[in-house]
Amino acid sequence: MAKRIELKKLNIHYGDFLAVKDVDMMIEPRSVTAFIGPSGCGKSTVLRSLNRMLEVTPGARVDGEVLLDNVNLYDKAVDPVRVRRQVGMVFQQPNPFPTMSIRENVLAGIQLNNKRMAHSEKEEVLERSLRSANLWNEVKDRLDRPGSSLSGGQQQRLCIARATAVQPEVLLMDEPCSALDPISTLAIEDLIQELKEDYTVVIVTHNMQQAARVSEKTGFFTINGTGMPGHLVEFDNTETIFSNPKEKQTEDYITGRFG
Ligand SMILES: Nc1ncnc2c1ncn2[C@@H]1O[C@H](COP(=O)(O)OP(=O)(O)OP(=O)(O)O)[C@@H](O)[C@H]1O
Ligand SMILES: [Mg+2]
């Protein structure tokens with residue numbers, strides 16, 4: 001299932017503004033890759049380019065290639081809806097569909113993609129997805145209650161269950177813990193460790209301890225000034241980035257000497 005992602009000469013514009021310049025990167029399957037860097041350096045922009053979510057922003061344009069196991073996602077023949085099924089996404093604010101029950105939330109993607117699935121099969125997907133999100137035991141007796149009746153940490157795990165129900169190959173997470181308390185954060189971090197057995201995981205985080213705890217590879221992005229494009233300064237094993245970075249800009253950032 002899990003796929004390799006290769007970024008080649010990625011340049012991303014919002015209208016005339018070049019937001020991200022010349023990113024090259026290889027993201028390995030069955031691993032966790034963290035994106036770190038100061039606000040506005042383009043982490044979310046790059047992340048959203050990995051499943052063509054960026055296109056829903058008017059004026060946003062991606063040049064270069066995003067290869068998912070050697071298939072360019074931006075190839076004319078590639079269907080963006082299919083891409084978003086292969087590459088799932090979890091956002092900063094848990095966003096369960098408010099009018100849907102817990103069950104309906106998990107199965108929302110399945111309903112769209114595979115309407116004829118038998119009831120028993122749907123129940124299997126429901127249980128498997130909630131178990132893999134470490135949420136099953138907490139919700140199994142109230143699956144028909146609204147998703148919005150859960151706590152924030154539970155809602156985020158519900159969103160992860162919803163993202164994995166369609167069995168994507170890649171899971172993108174944009175600051176998935178920043179709205180959560182430390183206990184829920186640790187629960188999500190444990191979950192990320194389990195998810196990488198099956199998926200390629202890319203996570204944006206402002207929490208450097210979190211990047212160090214959960215990821216194998218880290219990309220440090222920065223901007224050299226207002227109006228300048230964000231760029232990738234250094235991409236390496238997480239341990240190297242945090243203990244022995246090659247670039248001074250990386251060292252300044254991880255030691256808190258930035259800005
Ligand atoms: N929809 C948009 N339209 C125009 N410009 C945008 C849009 N989204 C982001 N930008 C600009 O692109 C640049 C990169 O933004 P992005 O959100 O990717 O940064 P980030 O690294 O995720 O920051 P943060 O850590 O604050 O989330 C910024 O200058 C931002 O203002
Ligand atoms: Mg962001």
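A crossing of two helices is called right-handed if the near helix is turned clockwise from the far one by less than a right angle. In this predicted model, the crossing of helices H6 and H7 is right-handed. The strands described below belong to an open sheet of six strands and an open sheet of four strands. A ligand, ligand 1, has residues of strand S2 and helix H1 in its shell.

**The six-stranded sheet**

- The strand order in this open sheet is S6-S7-S8-S3-S9-S10, and the pairing is mixed.
- Strand S6 (87-90) and strand S10 (231-237) are at the edges with a single partner strand each, so one side of each has no neighbour in the sheet.
- From one strand to the next, the twist averages 20°.
- Strand S7, residues 170-174, and strand S8, residues 200-204, are paired in the parallel sense, with five bridges.
- Within this pair, Leu172 has Val202 of S8 as its bridge partner.
- Helix H6 (residues 152-165) packs on the sheet and touches S6 and S7. The direction of H6 makes about 170° with that of S6.

**The four-stranded sheet**

- This open sheet has the order S2-S1-S4-S5, with antiparallel pairing.
- S2 and strand S5 (71-72) are the edge strands, and each of them pairs on one side only.
- Strands of a sheet pair through backbone hydrogen bonds, either parallel or antiparallel.
- Strand S1 (residues 5-14) is paired with strand S4 (residues 60-68) in the antiparallel sense, over eight bridges.
- Ile27 in S2 is the bridge partner of Ile5, while His13 stands opposite Leu18 in S2.
- S1 and S2 make a hairpin that has two residues between the strands. Gly15, in the turn, has a positive phi of about 60°.

**Helix H6 and its helix contacts**

- Two packed helices are described by the angle between their axes and the distance between the axes.
- For helix H4 (residues 119-132) and H6, the axes come within 8 Å and cross at roughly 130°.
- H4 and H6 are therefore oblique to each other, and H4 passes H6 in a right-handed crossing.
- On the H4 side, Val125, Ser129, Leu130 and Ser132 meet Ala161, Thr164 and Ala165 in H6.
- This contact of H4 with H6 has four nonpolar and three polar residues, and no charged residues.
- For H6 and helix H7 (residues 182-195), the axes come within 9 Å and cross at roughly 20°.
- An angle under 35 degrees counts as roughly parallel, which makes H6 roughly parallel to H7.
- From H6, the contact with H7 takes in Gly152, Gly153, Gln156, Arg157 and Ile160. From H7, Ser184, Ala187, Ile188 and Leu191 take part.
- By class, the contact of H6 with H7 has four nonpolar residues, four polar residues and one charged residue.

**The surroundings of ligand 1**

- The residues around ligand 1 are Tyr14, Phe17, Ala19, Ser39, Gly40, Cys41, Gly42, Lys43, Ser44, Thr45, Thr57 and Gly230.
- Strand S2 (17-27) and helix H1 (43-49) each supply at least two residues of this shell.
- H1 gives the most to the shell, with three residues.
- Seven residues of the shell are polar, four are nonpolar and one is charged.

Technical notes
Residues numbered from 1 in each chain as written. Chains lettered and ligands numbered in written order. Predicted model: local features only at pLDDT ≥ 70, side-chain atom pairs only at ≥ 80, totals over all residues. Near = placed C-beta within 6 Å. Nonpolar A, V, L, I, M, F, W, Y, C, P; charged D, E, K, R; others polar. Pairing = 2+ DSSP bridges. Axes fitted to C-alpha atoms, helices over the stretch in contact; angles between N-to-C directions. Contact = placed C-beta atoms within 7 Å. Parallel < 35°, antiparallel > 145°, perpendicular 65-115°, else oblique.
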